[in-house]
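I want to go through this structure and jot down what I look up as I go. Sequence and coordinates first, then my entries.

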Amino acid sequence: MKTGYLFFVNRLIQIKKMKINNKTKETQKQSLLREPSKVMKLDRLGSFHQTRLSFSRQLIEQLKNNKWTIKISKWDIDKNGIGNAIISSVKGANEFCLVVFCHPINDQDRSDRVIAEKWDMTFSLFNGKPTQAEINYMSKNLKVQEAGHHLPKQMTLSRANKSVRVFNSVLSSLSEGKQPSKTLINDIGYLVRTTAVYGNGKFGIGDFDSISENSFLKKPFQAEMLTVYLIRFFSIELINFLAKIKGEVSSVRLSDEISKHIGVGNATGLGMAPFLINHPELLHKWINARETAISKVLAIENLDIKQQNEIINLLNRALSYCTQWKVDDQNQSVRIKNLRLDLETIINNPSTKKLLSQTYPLKNIFDFFVDQISLETEEILHSIFMEPFSNLVENLTEEMATVETKSVPIKYKIKKVINIIRQNYDWALKVDVNEQKENHFFWYTSQAKLEPRLGVQVRDHGSEKQLPFDIAHQVQNTLKLLETLPENMTISEVMIKHPETRNIIRRIIINDTSEYSEIQDNLHSDKTKPIDILRCKLSFFGASKYDPKSDLWTRITLFQGAPLPHQLQEKNACDWIFPYLSDA
Amino acid sequence: MLEVSSNQIYSETYKALRSIDIDWGIAKDSANLCKWLATHNQFFLGSILKTTDLYKSGNISTSVNDNTYDKPLSSALMGMVLVEYVASNNRTWEGYLNSPKFLVAAMDLISHEQKCHLELSDRHHNIIAITDKEKLYVDLNSLSNKNEYFFLNVTQKNKNININELNLYDMSFATKVNKKCWEKLKSMAFDTYVPESDASKSGAGY
């Protein structure tokens with residue numbers, strides 16, 4: 001049953017007993033979840049920010065709680081930064097090693113794009129400790145990435161390029177005994193930038209299913225996140241190593257403050273977009289966990305003084321973060337500016353502190369400001385509100401993975417499916433599929449590195465090979481067909497007689513029980529901005545500093561502000577939302 | 001022989017079937033059945049390639065009602081929908097099948113996901129495969145690649161059966177496949193990609 005996003009106190013429903021903390025009143029409540037028709041719009045999905053539920057945050061929690069140890073177990077890098085290294089991460093009896101190869105590369109060969117064929121560094125996360133024979137094998141195959149043959153013990157495959165300007169500048173400063181310019185570090189945010197991180201059986205590496213008994217991999221994208229976290233550690237160790245060689249006794253190491261502000265860059269293109277459309281059950285799980293977390297924190301009845309101050313601090317931290325979030329993209333610059341103004345308004349409005357001390361503080365603050373703030377601000381408020389309440393939201397991270405069903409449930413009859421379409425796919429039925437503007441784009445896979453791309457119908461070749469992302473069109477055609485058939489016919493019989501409907505009927509039936517499984521916009525429309533899909537997925541990864549380069553790709557930073565390996569056991573190691581570098 | 005992951009088996013089969021215009025939903029089913037066979041140490045690659053040849057030449061049926069010895073129903077393509085159809089309508093289906101091992105894979109998947117018990121028997125009503133709760137009993141020796149007449153029905157109770165249980169926990173995620181056959185499958189998959197052009201580069205924001 002669908003429910004509205006209503007925060008009236010008398011409509012709060014009981015879910016289960018949860019303790020916020022010793023000082024806070026126990027609550028048994030959460031608000032009703034927001035309607036999918038509100039949440040699953042591209043412009044809102046494209047306004048999401050990192051939250052406590054993001055996969056990089058989950059990884060750091062995992063590393064801290066299970067007392068992982070991370071160390072360099074092999075360092076065979078020469079004075080030019082070329083060679084092989086192994087970073088070992090150990091959790092109890094399990095060891096996962098990041099195998100690194102650094103290669104010489106000409107400046108003109110260095111490209112962010114997935115179609116590049118040479119990189120400064122190539123990586124693989126290896127399940128266990130690799131033998132010398134396995135290292136030799138990987139030395140030949142990792143450097144060619146997709147074109148190589150890979151071992152089942154390899155859990156990920158990745159590559160990165162140096163951000164040459166930052167890398168050379170930092171190297172120069174450290175070797176001269178100085179810390180690098182904080183402004184430069186903040187403006188770029190990383191020493192190296194990955195251009196792909198593949199996992200789960202891609203290109204012959206190991207399937208996660210094969211080692212899913214290991215709890216570390218039960219949560220989504222943890223192998224990929226560990227890979228990126230270890231790449232970040234490697235990049236910092238590499239610059240320290242090279243600075244020492246260059247500057248000898250006069251060199252210094254990067255300070256912890258600056259190291260912590262260094263993340264890993266990533267150039268993200270359309271390759272990420274089809275994932276959310278191809279995995280509707282998983283998309284639902286992610287969004288449902290996020291919406292449930294939001295509803296739980298909005299249902300908090302009272303905050304103690306410490307918690308009130310924490311919310312104020314987080315609002316200020318978010319504002320500081322925004323002042324250091326600088327991009328060239330005009331549209332995103334305007335959004336950031338508005339976000340900053342909104343946050344200033346919320347911080348400076350006397351009602352904020354007042355509302356925080358009253359009942360249902362977070363819900364009331366949200367309701368008070370919602371009509372005067374942007375979508376970016378609405379969603380950053382949700383990130384802020386979740387942040388202090390790890391006890392409330394942590395369990396939800398267990399709900400963010402799924403085993404996707406292979407069959408279509410057999411209990412459905414035509415009448416029921418027609419009802420689902422009319423109730424849940426109202427957005428699709430409203431699309432005028434005969435209008436040219438609703439058929440502007442098509443999605444396809446390019447021969448170049450199998451990269452997903454967006455074609456323009458009237459301009460580009462290849463529409464006959466398009467991916468089935470015309471959901472609105474398929475829904476309308478299927479509804480027309482179903483309306484001509486007996487309403488008590490089983491949907492299995494429909495699919496056996498009309499196999500062309502199976503793809504969309506599967507989606508529709510998934511949506512019956514997984515309401516957040518469908519992006520509720522026509523992905524073929526001329527208004528579609530794929531960057532919104534990318535941003536949604538990247539927010540679940542825990543990206544920060546989205547830096548769109550067009551509607552089709554963006555740069556981001558991962559793990560900026562995250563604790564360094566030696567800081568993992570510090571008290572506040574897991575509190576690293578909204579990275580900020582003072583004096584930058 | 002070449003070692004490939006189950007993820008590769010799924011994705012390359014899916015695309016290869018799309019290259020010959022098999023419907024999206026059916027191609028996905030078939031890819032899942034190939035993955036099931038591979039992870040349960042059963043050959044699949046030769047059979048799926050043969051299926052694509054038969055489909056292209058019009059010598060295999062995708063109709064539950066219209067199938068013959070010479071043009072049997074493809075269990076690789078229609079296995080999932082057929083089992084769902086039998087289970088949802090609680091009826092018996094009978095007819096000629098090609099490569100029934102795909103149907104057995106579908107029986108196991110659907111039995112697990114939808115908690116229904118299914119039975120496949122040959123023209124003499126000898127049980128070839130039966131699902132029972134979390135178990136699958138199957139007479140692998142009777143699952144030839146020849147076209148045969150079969151009965152598929154829902155079964156309500158456990159039966160005394162003298163065929164072996166397939167150990168569903170004996171799974172292999174990296175599978176060795178014939179290199180030549182794999183390359184053929186991959187080249188079919190490659191046909192679903194659009195050649196690079198200046199226009200297509202702009203479609204990636206270059």
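**Entry 1: salt bridges**

I started with Arg290(A), which forms a salt bridge with Glu379(A), the closest N and O atoms being 3.0 Å apart (salt bridge: a side-chain nitrogen of Lys or Arg within 4 Å of a carboxyl oxygen of Asp or Glu). The pair links distant parts of the chain, from helix H10 (residues 280-298) of chain A for Arg290(A) to helix H15 (residues 375-386) of chain A for Glu379(A), 89 residues apart.

Two ground rules before I go on. This is a predicted model, where local features need pLDDT of at least 70 and side-chain atom pairs count only at pLDDT 80 or more, while totals for chains, interfaces and linings use all residues. Residues are numbered from 1 along each chain as its sequence is written, chains are lettered from A and ligands numbered from 1 in the order in which they are written, and side-chain values use heavy atoms, with hydrogens and water left out.

What else is linked to Arg290(A) and Glu379(A) by salt bridges? I find a network that also takes in Arg34(A), Arg44(A), Glu291(A) and Glu378(A). Over all chains, my search of the whole structure gives 37 salt bridges.

I also looked up Arg52(A) and Asp575(A), whose side chains meet in a salt bridge (2.8 Å, N to O). They sit 523 residues apart: Arg52(A) is in the loop between helix H2 (42-45) and H3 of chain A, and Asp575(A) is in the segment after strand S13 (554-558) of chain A. Arg52(A) is buried at a relative accessible area of 11%, whereas Asp575(A) counts as partly exposed at 33%.

**Entry 2: chain A against chain B**

The contact takes 53 residues from chain A and 45 residues from chain B, with contact meaning heavy atoms within 4.5 Å. About 4,200 Å² is buried between the two chains, and carbon and sulfur atoms give 57% of that. Buried area here is the accessible area (1.4 Å probe) that two parts lose on being put together, summed over both. Lys406(A), Gln447(A) and Ile496(A) supply 17% of the area that chain A buries against chain B, more than any other three residues.

How many salt bridges are there between chain A and chain B? I get three. In one of them, Asp29(B) meets Arg506(A) at 2.8 Å, N to O. Asp29(B) also forms a salt bridge with Arg502(A), the closest N and O atoms being 2.3 Å apart. That pair runs from helix H2 (residues 24-39) of chain B to helix H21 of chain A. Asp29(B) is buried at 0% relative accessible area, and Arg502(A) counts as buried at 0% too.

**Entry 3: the sheet**

Next I traced an open sheet of nine strands in chain A, in the order S3-S4-S5-S6-S7-S8-S9-S13-S12, with mixed pairing. I count two strands as paired if DSSP finds at least two bridges between them. S3 and strand S12 (544-548) of chain A stand at the edges with a single partner strand each, so one side of each has no neighbour in the sheet.

Strand S7 (residues 156-162) of chain A is mostly covered, with six of its seven residues buried. S7(A) pairs with strand S6 (residues 121-127) of chain A in the antiparallel sense over three bridges, and Met121(A) stands opposite Ala160(A). With strand S8 (residues 190-199) of chain A, S7(A) is antiparallel over seven bridges; there Ser158(A) has Val197(A) as its bridge partner.

Which is buried and which exposed, Lys67(A) or Tyr360(A)? Lys67(A) has a positive phi of about 50° although it is not a glycine, and at 58% relative accessibility Lys67(A) counts as exposed. Tyr360(A), also not a glycine, has a positive phi near 45°; at 8% relative accessibility, Tyr360(A) counts as buried. Tyr360(A) is in the loop between helix H13 (350-356) and helix H14 (361-369) of chain A.

How values were computed
Buried < 20%, exposed > 50% of the residue type's maximum accessible area, 1.4 Å probe, protein only. Helix = DSSP H or I, 4+ residues; strand = E, 2+ residues; numbered from the N terminus.
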